[in-house]
Amino acid sequence: MYDKITPPTVGEKIRFENGQPIVPDNPIVPFIRGDGTGIDLWPASQRVLDAAIEQAYGGQRKISWFKVYAGDEACEVYGTYQYLPEDTLTAIREYGMAIKGPLTTPVGGGIRSLNVALRQIFDLYACVRPCKYYNGTPSPHKSPEKLDVIIYRENTEDIYLGIEWKQGTPGCDQLIDFLNNQLIPETPELKNKQIRLDSGISIKPISITGSQRLVRRAIQNALRLPKNKQAVTLVHKGNIMKYTEGAFRDWGYAVATGEFRAECVTERESWILSNKEKNPSLSIEDNAKLIDPGYDSYPAEKREAICQEVREVLEAIWDSHGNGQWKEKVMVNDRIADNIFQQIQIRPDEYSILATMNLNGDYLSDAAAAIAGGLGMAPGANIGDNAAIFEATHGTAPKYAGLDQVNPGSVILSGVMMLEFMGWQEAADLIKTGLAKSIEQREVTYDLARQMEPPVNPPLKCSEFASAIIKNFD
């Protein structure tokens, strides 16, 4: 089955049922060391993970690690341009879960990004990025401790699908000609619009399937959180891109009010219910005016549509969600993308889970990570219905490779996400406790040490930071 690797002889496979992992007590988990500083990061991270599992379960649970290859290290083993060998794909497919360090973006070999390739090959549609502040971590913000969000970024669609045509190529010219002279003139809302002839073209597909399975996972996650954190915000630019980003919002709400009707309430529904709770004799029309301040200026048809919305909400969910019951449900709302960038800066504590499409999620997750202390402290996971890969979110930093200097926090916290996904919460909690205490005690690597006041000198090495985390488990 394998060409140049051999699986462990001890351990069992993780399998998936209905999109959820079924994890034995001794799972085999493939790992990709990573390029550049991966040579330092992975040994430190593995030591922390193994120590936490041992302390939490006393030998009753253990991971059998299975080394597989990708990136530059794969080329050393499999040959030039073999950045993603079939052995590695087979191992992830067979064992269901993997964790990896940072990978180099290939210069040749026909792969734009190894990370994107893995997501697309295994249909890992949910990129999950928790951004939580650990006390003592240097941050450019005054109140970073207010940030505790999980970003669910759709991984497989949007412009990141990579369907594009270079300016001046025959395919691009043909597409522009077709759009300008056939499709656009036949579409009333696009009347008088034209694409410049010297343009490049990129296609932005957003599907019902891709949108709803992402929002479904986000809501499932929210249901596992404490009551005060049970909220999902749909992030979009639907005020401009109505049929893609606006559709994402609408399809997301459909999941909440259809599949999770008993567990969810939308923000607008909560207004309607709250208005009636405050004034039981409130008329339908007055309720409509309260939820939509522009009501009186609208034409009669639009006013009636809002009144009908109020009637339908009260008829459908008053018994199950009224009289304050909605306050115990998962709150689902939406925000415009540019506005949410401001919101996580000035009111981060009002948000819990953000569900968004690919491009917006890319920007948003890095912005949130900056508040929490940077990418060195930002974990990531890519999850599908049949596989999951947990990964560092930063680059390879090759000039630091082998120096035992870099911060292993991103890989370690990605391991924490993996443990939580496996249901091994006790081990995950030990690591989070150890990490938090180490930072509070100013036992940190140089990236954090130099930003602290006063700076920490000397900082810990990568391996020493791992030892500090383990020491602080208790």
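**Close-up views of a predicted model**

**View 1. Lining of the largest pocket.** In this predicted model, the residues that line the largest pocket divide into 20 nonpolar, 6 polar and 7 charged. The pocket has a volume of about 910 Å³, and among its 33 lining residues Pro130, Ile150, Asn221, Leu225 and Glu420 lie nearest its centre. Elements that give two or more residues to this lining include strand S6 (126-132), strand S7 (148-154), helix H6 (208-223) and helix H13 (409-422), and H13 gives the most, with 6 residues.

View 2. The 11 strands of an open sheet follow the order S4-S3-S5-S15-S14-S6-S7-S13-S10-S12-S11, with mixed pairing. Strand S4 (64-68) and strand S11 (264-266) are the edge strands, each pairing on one side only, and neighbouring strands are turned by 25 degrees against each other on average, direction ignored. Within the sheet, S6 and S14 pair in the antiparallel sense over 3 bridges, and Ala126 stands opposite Ile383 in S14.

**View 3. Helices packed on the sheet.** Helix H1 (residues 38-57) touches strand S3 (28-32), S4 and strand S5 (97-100), and its direction makes about 160 degrees with that of S4. Helix H7 (residues 245-258) lies across strand S10 (231-236), S11, strand S12 (330-336) and strand S13 (353-356), running at about 160 degrees to S10.

**View 4. Crossing of helices H8 and H10.** The axes of helix H8 (residues 267-278) and helix H10 (residues 300-321) come within 9 Å and cross at roughly 75 degrees, so the two helices are roughly perpendicular to each other. Residues making the contact include Arg268, Ile272 and Leu273 of H8, and Val310, Leu314 and Trp318 of H10; by class, the contact has 8 nonpolar, 1 polar and 5 charged residues.

Methods. Residues numbered from 1 in each chain as written. Predicted model: local features only at pLDDT ≥ 70, side-chain atom pairs only at ≥ 80, totals over all residues. Heavy atoms only, no water. 1 Å grid on protein atoms, 1.4 Å probe; cavity = no way out; pocket = protein on both sides within 12 Å on 5 of 7 lines; lining within 4 Å. Points joined across faces, edges and corners; volume = space filled by probe spheres on them. Helix = DSSP H or I, 4+ residues; strand = E, 2+ residues; numbered from the N terminus. Nonpolar A, V, L, I, M, F, W, Y, C, P; charged D, E, K, R; others polar. Axes fitted to C-alpha atoms, helices over the stretch in contact; angles between N-to-C directions. Parallel < 35°, antiparallel > 145°, perpendicular 65-115°, else oblique. Contact = heavy atoms within 4.5 Å. Pairing = 2+ DSSP bridges.
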